[in-house]
Amino acid sequence: MDQEKIGKFIKEIRTKEKLSQQKFALKYGVTYQAVSKWENGKNIPDISILKEMCREYEMNLDDFLETKISPKKSYKKIWIMCISIVFLIMIIIVLILPKKDSNFEFKTLSTSCDDFNLYGSLAYNDLKSSIYISNITYCGGDDSDIYKKIECTLYEDNGNAKIEIKKSHYENDKGISLEEFLKDVNFHIDNYEKTCKVYQENTLFVEIEATNQNDKIITYKIPLNLKDNCNH
């Protein structure tokens, strides 16, 4: 899955429907900033929203994620006027339809940490799996400190050591609050592992290390739980 291509695909859907980002956001119950992040490839919609888009535009979710087809709703008039094109498209679809074992399944990643909320998901099939984590918010109280350095890192604990998967970093003497920093933090790791079974023991976690203006370091650990183990 290519997050940037998915973003361009969503923008194509919106522009074909002649909707502003604001109107498109209202349609799916999100902010226009969220739509902007989708279209710029910084984030992808929640799985429930993706499924709603697929129902609305009569698309298969797997094809949507792989951006293999254009929204059918935009081409209905052409299909009606050009029967020959309809048959051609049907033949192409039959030829390029993914095999059964390439269909993606999804599991939700959540956290048992009371100080943070986040949205996460694991998309996987028999060939690969991808991790998506976004919308990390701090809800543990009033953290009004301004930090000159913050590192937010996704780790996997293999029992002997923690393995860094991806990191988001901020360092500037002007400083930033934890809340502002987290607004732009998201993780997209494509093809991290070939199967889902490696996630069964809930070995993933996010660690935040923040240094304030007085060089005091505050560390938060956010464990990630996989809702329902994978079947592979």
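## A buried serine and its surroundings

Ser134 is buried, since its relative accessible area is 3%, where buried means under 20% relative accessible area, exposed over 50% and partly exposed in between, with a 1.4 Å probe and protein chains only. This is a predicted model, in which local features need pLDDT of at least 70 and side-chain atom pairs count only at pLDDT 80 or more, while totals for chains, interfaces and linings use all residues. Residues are numbered from 1 along each chain as its sequence is written, and side-chain values use heavy atoms, with hydrogens and water left out.

Ser134 sits in strand β3, which covers residues 129–138; helices (H or I, at least four residues) and strands (E, at least two) are DSSP runs numbered from the N terminus. Leaving aside residues up to four places away in sequence, Ser134 touches Asn43, Leu118, Tyr119, Val185 and Asn186, a contact being heavy atoms within 4.5 Å. The C-alpha atoms of Ser134 and Ser121 are 9.2 Å apart, although 13 residues separate the two along the chain.

The chain as a whole has 8 helices and 8 strands, and 40% of its 232 residues count as buried. In soluble globular proteins, nonpolar side chains tend to be buried together. A nonpolar core is here a set of buried Ala, Val, Leu, Ile, Met, Phe, Trp, Tyr and Cys residues joined through side-chain atoms within 4.5 Å. The table sets out two such cores.

| Core | Number of residues | Some of its residues |
|---|---|---|
| Largest nonpolar core | 30 residues | Phe116, Ile133, Ile136, Leu154 and Ile208, those with the most contacts inside it |
| Another core, apart from it | 24 residues | Phe24, Tyr57, Met59 and Ala123 among them |

Leu154 touches, among others beyond four places in sequence, Ile131, Ile133, Phe187 and Leu224.

Elsewhere, helix α1 (residues 3–16) packs against helix α3 (residues 32–39) at an angle of about 125 degrees, with their axes 7 Å apart; axes are lines fitted to C-alpha atoms, for helices over the stretch in contact, and angles run from 0 to 180 degrees between N-to-C directions. The contact involves Gly7, Lys8, Ile10, Lys11 and Arg14 of α1 together with Val35, Trp38 and Glu39 of α3.

Over residues 72–80, however, pLDDT stays under 50.

How values were computed. pLDDT is the predictor's confidence in each residue, from 0 to 100.
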